[in-house]
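Subject: Structure handover

Hi,

Here is the structure for you to take over. Please open it first; my notes follow below.

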Amino acid sequence: MSENLQKFSLKDKWALITGASKGIGRSTAICMAEAGANVIAVARSEELLKTLRDEIKMMKRECEIFRCDVSSEKEIKDVVEEAWKLTGGIDFLINNAGITYISTAEEFPTGEWKKVLDVNVNGAFYFSREWGKRAIARGKGGSIV
């Protein structure tokens with residue numbers, strides 16, 4: 001690795017990524033591991049998370065997985081608490097989890113709208129709040145995406 005690229009190394013850092021079982025979240029988890037980070041992968045599908053964990057471990061990186069409903073404040077609190085204990089600290093939080101419902105605005109069901117907000121907005125807030133409390137207390141900073 002060139003000296004310039006070493007400046008961007010994530011070696012021995014921990015990244016928590018929501019929605020990590022597929023799509024952009026999975027690709028982000030792989031990229032973070034390629035850059036040297038260890039990964040905490042969070043998603044609803046435990047089977048897909050296990051596959052991701054195996055792939056990251058083949059890169060000689062650590063990977064912890066957590067099944068979590070990102071719309072659940074309690075599950076999020078439990079995941080962040082347990083992940084923090086396992087790792088000793090999380091350097092990056094990547095709020096990637098998201099859902100959608102395809103509909104015209106005038107036909108969009110209120111219940112579906114609430115589900116989208118619970119995952120896409122509230123979930124990101126709950127993760128950021130729980131991670132943020134611990135990151136501030138640790139005093140080393142960190143990044144939220």
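This is a predicted model: local features need pLDDT of at least 70, side-chain atom pairs count only at pLDDT 80 or more; totals for chains, interfaces and linings use all residues.

V121 sits in helix α5, which covers residues 110–138. V121 has 46% relative accessibility, so it counts as partly exposed, a class that lies between 20% and 50%.

W113 turns up again among the aromatics. Together with Y101 and F108, W113 forms one aromatic cluster. In total, the structure holds three aromatic pairs. For your own look at them: a pair of aromatic rings is described by the distance of the centres and the angle of the planes.

Next, the strands. Strand β2 takes in residues 38–43, and strand β3 takes in residues 63–67. The two run parallel, and five bridges join them. The chain gets from β2 to β3 by way of helix α3, residues 46–58. This β-α-β crossover is right-handed. Within the pairing, I40 stands opposite E64 of β3. If you look at side chains there, recall that in a regular strand they alternate between the two faces of the sheet.

Now the loops. The one between α1 (3–6) and β1 (14–18) contains K11. D12 is in the loop between α1 and β1 as well.

- K11 has a relative accessibility of 53%; the cut-off for exposed is over 50%, so K11 counts as exposed.
- K11 and A35 are 24 residues apart in sequence, with their C-alpha atoms 7.0 Å apart in space.
- D12 has a relative accessibility of 52% and therefore counts as exposed.
- D12 has a phi near 70 degrees, a positive value in a residue other than glycine.

Which residue in the loop between α3 and β3 deserves a check? K60 is placed there. K60 is not a glycine, yet its phi is positive, at about 65 degrees. With a relative accessible area of 71%, K60 is exposed.

Is G142 buried or partly exposed? Its relative accessible area is 47%, so G142 is partly exposed. G142 and A15 are 127 residues apart in sequence, while the C-alpha to C-alpha distance is 9.8 Å.

That is what I have. Over to you.

Best wishes

Terms used. Residues are numbered from 1 along each chain as its sequence is written. Side-chain values use heavy atoms; hydrogens and water are left out. Two strands pair if DSSP finds at least two bridges between them. Helices (H or I, at least four residues) and strands (E, at least two) are DSSP runs, numbered from the N terminus. A crossover is right-handed if, with the strands pointing away from the viewer, the path from the first strand over the helix to the second runs clockwise. Rings of Phe, Tyr and Trp (its six-membered ring) pair if their centres lie within 6.5 Å; planes under 30 degrees apart count as stacked, over 60 as edge-to-face and the rest as tilted. Buried means under 20% relative accessible area, exposed over 50%, partly exposed in between (1.4 Å probe, protein chains only).
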